[in-house]
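Hi there,

Here is the structure I promised to pass on. Have a look at it first, and my notes follow below.

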Amino acid sequence: MIDMRSDTLTKPSEQMREVMRTAIVGDDCYGEDVSVNNLEEYCKELFEVEAALFVPSGTMANQIAIKAQVEEGNEILTEANYHINFYESASTAILSRAVLNCVRKSDGIINKSDVQELINSKPRGPLYSKPQLVTIENTINYYQGKTFPLETIKDLYNYTRNIGISLHMDGARLFNAHIATGIPLNEYARNVDTLSVCFAKGLGAPFGSMLMGSEKFINSARSIRKQFGGGLHQIGMYASAAQYALDYHLIQIKKDHQLTKEMAIMLNEIPKIAIDIDSIETNMIFINIKSLTSNVSEFIKLCEDKGLLIFPWLPGIVRIVINRHISREDIYKATEIIDIVVNKLSGRVVHA
Ligand SMILES: *Cc1c(COP(=O)(O)O)cnc(C)c1O
């Protein structure tokens, strides 16, 4: 079975498991897990941030960032389809009792004037909630892994700093953005107040995210992590897997992006499905199958029967994600399977 549903599906290699087996551990709630401390130190240098905190998931990283920077009843300015609003099971309402004030952009990129508009959408003052945080996402999951332009981030940061609100970057796939654009990780970090990155996406570790920002921010993040149930004990095994992924897998993301482009070019030759080749920047391909069927599950089931797993994204759209286990041979086979399925479905339409 070729599994192209997500980049969270990767499994640790034998070498990674060996590193985990031999990792030095201690109790991280006591600050005594050497592997965790080393990973946090490493990220502090890599991103040039004051402080870093290892947390169990990307969702928890984002939710801690929100809890630390937004008071109850106050406002987060963001985009309607970002992970924070769309995929985090309403945890912002539950954990922080904060309000989401969202703009919907056709490309997912929020800029300074979008934020200004969101702020000015209410008269403000004591009768209204107070905007305290802007969040952006990089790469943008909902928009096919699109990278967020650095210039727009800089512009936003200038603005948010001036008006005294915080800027958080959900960088679950920031490593993909970094590899695709060549922009250094510290350049991204320098232009936001807080950011999170995931080790369990394209990097291929089994667990964990890093939340980063000022020392003051990370101090409060540390107690919120505990409140949210994310204070873990001998967690160094997972920190060592994340370190291994940074050392050996980060550079290989280049291969994922290359294969994604190649597969998109091949898929583009298949009639009746639509791909926006030019918009593909990282490891995702959205395939529009609306001219074939409105039933995404039918399409997916036919692919599965032939040995290919893909993800039902939206009505009429399926998603392919290339992860580190996918080879060039896999993209050829997968394209062939999709071609067969498309033929089968278009045949049926003709004879109906
Ligand atoms: C996957 C993802 C997250 C959260 O990751 P989990 O570790 O699964 O909680 C956050 N933001 C974006 C954009 C993601 O794609």
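This is a predicted model: local features need pLDDT of at least 70, side-chain atom pairs count only at pLDDT 80 or more; totals for chains, interfaces and linings use all residues.

**What I found**

Residues are numbered from 1 along each chain as its sequence is written, and side-chain values use heavy atoms, with hydrogens and water left out.

Back to β7. Strand β6 (residues 166-171) runs parallel to β7, and four bridges join them. Within that pairing, aspartate 170 stands opposite serine 196. How many of the residues of β7 (residues 194-198) are buried? Five of its five, where buried means under 20% relative accessible area, exposed over 50%, and partly exposed in between (1.4 Å probe, protein chains only). In a regular strand the side chains alternate between the two faces of the sheet. In β7 both faces are covered, with Thr194, Ser196 and Cys198 on one side and Leu195 and Val197 on the other.

Then there is strand β9 (residues 284-288). Four of its five residues are buried, so β9 is largely enclosed by the rest of the structure. β9 pairs with strand β12 (residues 317-321) in the antiparallel sense, over five bridges, and isoleucine 285 has isoleucine 320 as its bridge partner there.

**The chain as a whole**

There are 14 helices and twelve strands; these are DSSP runs numbered from the N terminus, helices being H or I with at least four residues and strands E with at least two. For 352 residues, a compact globule would have a radius of gyration near 20 Å, and the chain agrees at 21 Å. (That radius is taken over C-alpha atoms, and the globule rule is 2.2 Å times the number of residues to the power 0.38.) The C-alpha trace spans about 65 × 55 × 35 Å along its principal axes, and 57% of the 352 residues count as buried. As for contacts (heavy atoms within 4.5 Å), residues 24 or more positions apart account for 75% of those with a separation of 6 or more.

**A few single residues**

Valine 115 sits in helix α6 (residues 112-120) and is buried, with a relative accessible area of 1%. Leaving aside neighbours within four places in sequence, valine 115 is in contact with Leu77, Ile110, Val134, Leu156 and Tyr159.

The peptide bond from asparagine 138 to threonine 139 is cis, with omega near -5°, and threonine 139 lies in the loop between β5 (131-137) and α7 (150-163). Glutamine 144 is in the loop between β5 and α7; although not a glycine, glutamine 144 has a positive phi of about 60°. Glutamate 48 is not a glycine either, yet has a positive phi of about 50°, in the loop between α2 (34-47) and β2 (51-55). Which of these two is buried and which exposed? Glutamine 144 counts as buried at 6% relative accessibility, while glutamate 48 counts as exposed at 53%.

Cheers

Conventions
Two strands pair if DSSP finds at least two bridges between them.
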